[in-house]
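Let's walk through a fold together, question by question. Have a look first.

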Amino acid sequence: MKVRTRSSAIVGTLCLVASLALTTASADEPAASKQAPKVALTKVTTAKNPIAGTAGPGGTVWIAERAGTVRVLDSKGGLSNPVVDITKETTTDGERGLLGIAFDKKFAHFYISFTNLQGTSTIDEFAVRKGKIQPQTRRTVLTQTQPYSNHNGGDIKFGPDGYLYIAFGDGGSGGDPHGYGQNLDTLLGKLLRIDPRGAKPYAIPKDNPFVGDPKAKDEIWSYGLRNPWKFSFDAGSGDLLLGDVGQSAWEEIDWSPASSDGGENYGWSQMEGTHPFRDGKEPANHVRPVYEYDRTGLGCSVTGGYVYRGKAIPDLKGQYLYSDYCDGTVRALKMENGKVTGVSDLGVNGGEVVSFIEGGNRELYVLDIGGSVYRIDRA
């Protein structure tokens, strides 16, 4: 196991910010699991600042490198030459770069989420034929100006409903100086939901929660987010889980059931987790995190993961795995009906953990921004 220090972690490539003293989001603190499932991290390859990934066609795993390249991982651990290269179109200043990738459900289209040279968050689409990117089909789906170089968010996923979800941070700086988190007239500090193939450049699902509200953006699915750093949908239940990086004291994991109609307010910047931020007042419609932890340990920035639905580790099935960029320990939450009933330290450390990947077979991978790509295996 790697031993990390706060100073070495903070000097890392991304300054996303948080902790790992295991404090829960409710008054009833779940007990730490007495016997955690035994797992191991198997290093499968080394990439250049891997930051995101997705399951690809034919059982492949596609990995995004922060400077702007996407490579395909083969069954022997080799990485292909870049299948996408936008290194001349993005920058790694601050927290910028290539931040997210996703396929639609039929692997017919591939999407990238990045900040361009001006710092604007951009979602582009490529057609895919026989598992290969068609560069000439590239088009821009959505853009969002970013006032600062941090809190870009940038993760993208297709939900069980077939729509594309996009996570944007609050615009950056510190403390949400413009109040974007609670402002429904901006896409910043939000989780969006769009139909990228329904119209040009995209369509808005008619059942989005703020459609028809003249004071709100129709694209918004949920709001009150500071810097949503990786979200996922449970392949078993369809539930949504999201890691939101805190300001200075609390890291949180938010949850919403598959039956949700959207519109959740996760509280930022009135709240940091379950705690008022500065002189904030808890909104009446605040959806409290399903789990939070403070910064009395080495942690500084939560990295959201996945509910494990693979077959290699039966004892881990149904548990939500997550980590922290500064601490690197992989942990698991047992949940029942939207409540955390147990917390496990899985006893492995992935370094500066910046993302997880769920492969086509539902097995999970861990990305260390320093380069290592690990698969989570049974010990």
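Here's a short chat about the model above.

This is a predicted model, where local features need pLDDT of at least 70, side-chain atom pairs count only at pLDDT 80 or more, and totals for chains, interfaces and linings use all residues. Residues are numbered from 1 along each chain as its sequence is written, and side-chain values use heavy atoms, with hydrogens and water left out.

Student: What radius of gyration does the protein chain have, next to a compact globule?
Tutor: Take the radius over C-alpha atoms and the globule rule as 2.2 Å times the number of residues to the power 0.38. With 379 residues, that rule gives a value near 21 Å, and the chain agrees with it. Its radius of gyration is 19 Å.

Student: Is L333 buried or exposed?
Tutor: Buried means under 20% relative accessible area, exposed over 50%, partly exposed in between (1.4 Å probe, protein chains only). L333 has 0% relative accessibility, so it counts as buried.

Student: Which strand holds L333?
Tutor: Strands are DSSP runs of E, at least two residues, numbered from the N terminus. The run covering residues 329-336 includes L333, and that's β22.

Student: Which residues with the most contacts inside the largest nonpolar core are there?
Tutor: Such a core is a set of buried Ala, Val, Leu, Ile, Met, Phe, Trp, Tyr and Cys residues joined through side-chain atoms within 4.5 Å. The largest one has 47 residues. Those with the most contacts inside it are F110, I253, Y291 and Y322.

Student: What does L333 contact beyond four places in sequence?
Tutor: Contact means heavy atoms within 4.5 Å. Leaving those neighbours aside, the partners of L333 are I253, Y291, Q319, Y320, Y322, V340, G342 and V343.

Key: Helix = DSSP H or I, 4+ residues; strand = E, 2+ residues; numbered from the N terminus.
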